[in-house]
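Here is a short briefing on one protein model. Keep the sequence and the coordinates open while reading.

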Amino acid sequence: MNSLASRLNQAQPYALGLFRIVVGLLFACHGVASLFGWIGGAAGSGGTIPSGTWPGWYAAVIQLVAGGLVLLGLGTRGAAFIASGSMAYAYFDVHQSQALFPLQNGGESAALFAWAFLLLVFTGPGALALGGLFGARGTAGEGSEEKRATTVAA
């Protein structure tokens, strides 16, 4: 049993890195759809959100930029914090007023994104992050934090 746990622990940074990549990609796709009308457009309408409209256009910009940064592993914690906050705002402002539970109010994706990004705030980017290539300067040093955490956990 310890052998399995040991192997899973060794793979943890890579699983976290893949989680970050998928969540960032999915989030960025929402921004691309809303801003450019690609891959279905805003809310599947094929259109775009008019520039500068509150809160939709600003949310789409956050989705594109924060999603892209998380996807690449650049400034992951900061970008994930902003993304998590924007999705929490979307859930409580847009969805919560319609019904109590996410299944009833259509806010499942907002709730899941908010919690997924909040997890990345605390865990960092995992493996496969471009931020680790830049050393320990600013938030780009997340890769070195991950190496220290892996060493401590081992």
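The model is predicted. The protein has six helices and zero strands. Read from the N terminus, its elements run α-α-α-α-α-α. The chain has 154 residues, and 36% of them count as buried. Take the contacts between residues at least 6 apart in sequence: 64% of these join residues at least 24 apart.

Two packed helices are described by the angle between their axes and the distance between the axes.

- Helix α3 spans residues 76-95, and helix α5 spans residues 108-123.
- Their axes lie 8 Å apart, at an angle of about 155 degrees.
- The cut-off for roughly antiparallel is over 145 degrees, so α3 and α5 are roughly antiparallel to each other.
- The crossing of α3 past α5 is left-handed.
- By class, the contact of α3 with α5 has 15 nonpolar, three polar and one charged residues.
- On the α3 side, the contact is made by Arg77, Ala80, Phe81, Ala83, Ser84, Met87, Ala88, Tyr91 and His95.
- On the α5 side, the residues include Phe113, Phe117, Leu118, Leu120, Val121 and Phe122.

**Packing of α2 and α3**

- Helix α2 covers residues 56-72.
- The axes of α2 and α3 come within 8 Å and cross at roughly 145 degrees.
- This crossing of α2 and α3 is left-handed.
- The contact of α2 with α3 divides into nine nonpolar, three polar and no charged residues.
- From α2 come Ile62, Gln63, Ala66, Leu69 and Val70.
- They meet Thr76, Ala79, Ala80, Ile82, Ala83, Ser86 and Met87 in α3.
- Ala80, Ala83 and Met87 of α3 are listed in the contact with α2, and they are listed again in the contact with α5.

**Threonine 76**

- Threonine 76 lies in helix α3.
- Its relative accessible area is 0%. The threshold for buried is under 20%, so threonine 76 is buried.
- Threonine 76 and proline 125 are 49 residues apart along the chain, yet their C-alpha atoms are separated by 5.9 Å.
- Threonine 76 is also one of the α3 residues that meet α2.

**Asparagine 105**

- Asparagine 105 is found in helix α4, residues 102-105.
- Is asparagine 105 buried or exposed? With 3% relative accessibility, asparagine 105 counts as buried.
- Which side chain does the asparagine 105 side chain make a polar contact with? The partner is the side chain of tyrosine 91, at 3.2 Å.
- The asparagine 105 side chain also reaches the backbone oxygen of alanine 99, at 3.0 Å.
- Leaving out residues up to four places away in sequence, asparagine 105 touches Tyr91, His95, Gln96, Gln98, Ala99 and Leu100.
- Tyr91 and His95 are also among the α3 residues that meet α5.

**Serine 34**

- Serine 34 has its place in helix α1, residues 2-36.
- Serine 34 has a relative accessible area of 11% and is buried.
- Setting aside neighbours within four places in sequence, serine 34 is in contact with Ala42, Thr48, Ile49, Ala60 and Gln63.

Methods
Residues are numbered from 1 along each chain as its sequence is written. This is a predicted model: local features need pLDDT of at least 70, side-chain atom pairs count only at pLDDT 80 or more; totals for chains, interfaces and linings use all residues. Side-chain values use heavy atoms; hydrogens and water are left out. Helices (H or I, at least four residues) and strands (E, at least two) are DSSP runs, numbered from the N terminus. Buried means under 20% relative accessible area, exposed over 50%, partly exposed in between (1.4 Å probe, protein chains only). Contact means heavy atoms within 4.5 Å. A polar contact is a pair of N or O atoms within 3.5 Å; within protein, one must be able to donate a hydrogen and the other to accept it, and residues adjacent in sequence count only if both atoms are side-chain atoms. Axes are lines fitted to C-alpha atoms, for helices over the stretch in contact, and angles run from 0 to 180 degrees between N-to-C directions. Angles under 35 degrees count as roughly parallel, over 145 as roughly antiparallel, 65 to 115 as roughly perpendicular and the rest as oblique. A crossing is left-handed if the near helix is turned anticlockwise from the far one by less than a right angle, and right-handed if clockwise. Ala, Val, Leu, Ile, Met, Phe, Trp, Tyr, Cys and Pro count as nonpolar, Asp, Glu, Lys and Arg as charged, and the others, Gly among them, as polar.
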